[in-house]
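Open the model in your viewer and keep the selection tool at hand. The stops below go one by one.

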Amino acid sequence: MTVLLDPAQHGPGRHHRSLRAAAVRVLLGNWTGNATVPSRSLYPHQWSWDSAFIAIGLRHLSPRRAQRELESLLSAQWADGRVPHIVFNPAVPCGAYFPSPDFWRSSTAGRPAGAPSTPETSGIVQPPVHALAAWLVHRADPAESGRRRFLARLHPGLDAWHRYLTAHRDLGGRGLAAIVHPWEPGLDNSPAWDTALRRVPPAPAGSFRRADLDHSAASDRPTDLDYARYVRLAADYRDAGYDDARARFAFAVEDPGFNALLIASEYALADIAEAIGADPAPARARAVRRTAALTDRLWDEERGIFTARDLHDDRLIPVRGVAGLLPLMVPGLPRRITDALLRTAAGDHFRLGEVHMVPSYDLTGPEFDPSRYWRGPSWFNTAWLIHRGLLACGAVAEADRLREGILRDAGATGFAEYVDPHNGAGRGIRDFSWTAGLALDLLCGHPERAR
Amino acid sequence: MLKIACQEQLLPGETLQTKWEHATAAGYDAIELRGKGGLSFRDRLPELRRALADGVVMPTVCVDMPHFIGAFDDDLRRDAVVQMKSQLSVIAEIGGAGAQTPASYGMFSRRLPPFEPPRSAGRDREVLLAALTELGEHARAEGVTLFLEPLNRYEDHMVNTLRQAADLIAAVGLDSVRIGIDSYHMNIEEADPPAAVLAAGPWIGHAQVSDSNRLQPGAGHLDWPAWLGALEAIGYQGHLAVECRLAGDPGEAVAAIPAFLRRAAG
């Protein structure tokens, strides 16, 4: 602590010390014994990619808890390899969150696909950032990791997770993982999904009741019509037994953010394999193949950014979203592409360095809304990933500025879920776990030399 | 910045000055004194003044007697209050922060036969509130603090958790009475020790450390980074006073503790 928070090293030392204490308070307060809830109010269960980002912060506070965070998530993994996007806490009342366990019915409807009999989970997934998190957690305290055989115990599950995405989710047949629900890429109501989502018949009004509006302003959350379509997609998948071969997906998209994170995690999985004496070659080979497919399928030369591909008509979706910048952290992209990405990030659409963090959607886009969830607000996890990507591309000054911006916004908003990119005002809930975790990670020094 | 104290009996040497040399060489910032009964702590004043003049830092004293402020026996209880008053005065005289005592130690456990104590819980509370109020007022007058230490269920039947201590202190209503937490006892009594630290944050005035097995920090299985992170989160400014038994070579064990704790604190 004394070295890392040396004012000479990190500028405003006292501010950082109090920010660190505040972040620690959030992480300790949201810990439930085996894992961390994203928020005590709005999100009372365990979320898949939240846990990965939370573990990346927790590793600086308690390597043991960081390991438990990932272990408890993986303990709910399905036999087909999928890591569900929610693991429900049986102690929380069913109505506390919607869609609830009796909507997903994983232990019955998901049984043929290998859902565990307990705990109850959702049936969709979130971005596969877990192997990256596991590797970073290990690196924070290799002795404690070794003592608990953390990597050796986690490796089979992580490997099965990546194999699931490779074998069951390559719906386009071209080497990329497809998402089948707007919640899967984590950017739930991004304008990138609008066109594809419009084809989905909404679930009848009155057939479900949202719980999110009990805790958050309606203007900060997805609309009711969007929500009815989300419900329809999830119900259809459930009714097909969560069987990727049998289900008829009304929504199927190849997302650059999801695939970029999978590539980064494949490299981390290879490192993990090497550390435990397993063969790193399969994960590395998948990473290389997927990187080529990412460039072939999702690079939008005209816009200078990666965009999502709608598998309905096999066309790129002409929407600039923050997910299209995440490939900055993918090793081995052609320099002309990373240079173009850096130009796009700094240009009118994202204005890196001029606005708060990185907006989730094109600042000049017709759908831009500075308050509504993933339709404009800046989020801390995507900013953290882009910070990592900037370092990987050698854009050190930009990375350092973004890091300072993330820390400033985290502190000023009380660890908000997301912020208005123009004025930095906090939106959504406060004391959000991954905001605290990733701020703590950035406070504890620069990340390992990014690949 | 973590400040670490070592209880005096753990350090080699005959005098506080010699102990201080060993302590500072190992990275300690202070020595925690032990206060025996019979007003013998008061009788050490000349020795303590010399040590103070020689630069020894002695912020706290931990009681070291066979009876305590919650004793069943009226005379013993009266004596414990007299002793604690004296210890508070002495620690004030040498510029320290306060004196620590449990409600009792080794007198009764509800987990061991005969299970039912001879005094009611209501009466326990009355005698503790009376003693804590009297001592708190004395501490306030002296400009120091009385630290009430919750012990685990096998060592005391009255105050086992931080919450119980905070409830009593709230009823006393004096800033000069705070909780003196101990990581070993918390490991037994608290479901989530770091969360308990956060919840009791405003009430915590002092902290003692030993591992899950009462041995030196690092010799057991406590999640030290999380526990120390909680103290950091509440803005704890006091010392971590090492009070433990030692495994392995005693000199090496004691010398290794500061580095271990500082590394665990991140």
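Two strands pair if DSSP finds at least two bridges between them. Helices (H or I, at least four residues) and strands (E, at least two) are DSSP runs, numbered from the N terminus. This is a predicted model, in which local features need pLDDT of at least 70 and side-chain atom pairs count only at pLDDT 80 or more, while totals for chains, interfaces and linings use all residues. Residues are numbered from 1 along each chain as its sequence is written, and chains are lettered from A and ligands numbered from 1 in the order in which they are written.

Stop 1: β10 (residues 418–419) pairs with β11(A) over 2 bridges. Opposite Val419(A) you will find Gly426(A).

**Stop 2: Ala399(A).** Go to helix α16 (residues 396–412) of chain A, where Ala399(A) lies. A residue is buried if 20 or more other C-beta atoms, placed from the backbone, lie within 10 Å of its own, exposed if 12 or fewer, and partly exposed in between. Ala399(A) counts as buried because it has 21 C-beta neighbours inside 10 Å.

**Stop 3: the core.** A nonpolar core is a set of buried Ala, Val, Leu, Ile, Met, Phe, Trp, Tyr and Cys residues joined through C-beta atoms within 7 Å. The largest one has 218 residues, and those with the most contacts inside it include Ala134(A), Ile406(A) and Ile179(B). Helix α12 (residues 256–275) of chain A contributes the most, 12 residues.

**Stop 4: where the chains meet.** Two residues are in contact if their C-beta atoms, placed from the backbone, lie within 7 Å. Which elements of chain B give two or more residues to the side that touches chain A? Select α8 (193–199) and α9 (224–233) of chain B. In total, 15 residues of chain B are in contact with 16 residues of chain A. The largest share of the chain B side, 6 residues, comes from α9(B).

**Stop 5: chain B as a whole.** Chain B has 10 helices and 8 strands. Its C-alpha atoms fill a box of roughly 50 × 40 × 35 Å, taken along the principal axes. Of the 266 residues in chain B, 51% are buried.
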